[in-house]
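Trainee: Please take a close look at one part of this structure, the aromatic rings and what surrounds them.

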Amino acid sequence: MNATDTAAVLTPGSAVTVRLVKHPRPDVRYPATVVADDGTHAVVRAPWAGAASRDFGFVTFEHGDLFTEHYWRDRWYSVKEVHAADGTLKGWYCDIARPAVIDGPSGSLTVADLDLDLWLSADRATVLRLDEDEFLDSGLDDRDPDAARQARRALDELEELARRDAFGPLLSHDSPARF
């Protein structure tokens, strides 16, 4: 990350393009609206970006779902709070990813997905570690051992926060919490 990355702060109410780098799969890009950005923690809101419903077995994302997405410039994950079209909370989908890079002039927010995920159900009864097999198959341990360690640490941190019911302070954009 260079000095211009840390200086770029998104303006609440403005449009931003979220880019999820999914190497070797194609990147995912979608429009979002900025909710808040304190220079470290950026929050955006976007409707489900998939072309069709997607059933994961533990949750289905579908047309009308609204995602409030939390990204950090200094953390190796993002957290997406998912609400159904009627406003019902479905839960939190967490991506283990490199810290977010914000480019204010281009209106983009980019994160590189590292293939590990965590799901926390709305009732907080279900905490699932996801895609650990994909992570092992990705070869990150050999290509970038430090990033692989950071990814595992981030997944462990999120799981601990989920089990302690501590997502509230983590996701507060009024006062960034440090854990």
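Mentor: Buried means under 20% relative accessible area, exposed means over 50%, and partly exposed lies in between (1.4 Å probe, protein chains only). By that rule F56, at 24% relative accessibility, is partly exposed. F58 is also partly exposed, at 28%, whereas F61 is buried at 3%. The model is predicted, so local features need pLDDT of at least 70 and side-chain atom pairs count only at pLDDT 80 or more, while totals for chains, interfaces and linings use all residues. Residues are numbered from 1 along each chain as its sequence is written, and side-chain values use heavy atoms, with hydrogens and water left out.

Now the rings. Rings of Phe, Tyr and Trp (its six-membered ring) pair if their centres lie within 6.5 Å; planes under 30 degrees apart count as stacked, over 60 as edge-to-face and the rest as tilted. The structure holds twelve aromatic pairs. One of them joins F56 and F58, with 5.8 Å centre to centre and 35 degrees between the planes, a tilted pair. F56 also pairs with F61: the centres are 5.1 Å apart and the planes stand at 65 degrees, so this pair is edge-to-face.

Strands (E, at least two residues) are DSSP runs numbered from the N terminus, and two of them pair if DSSP finds at least two bridges between them. Strand β10 (residues 108–121) runs antiparallel to β11 (residues 127–130), joined by four bridges. The bridge partner of W119 in β11 is L128. β10 and β11 form a hairpin with five residues between them, and R124 in the turn has a positive phi of about 65 degrees.
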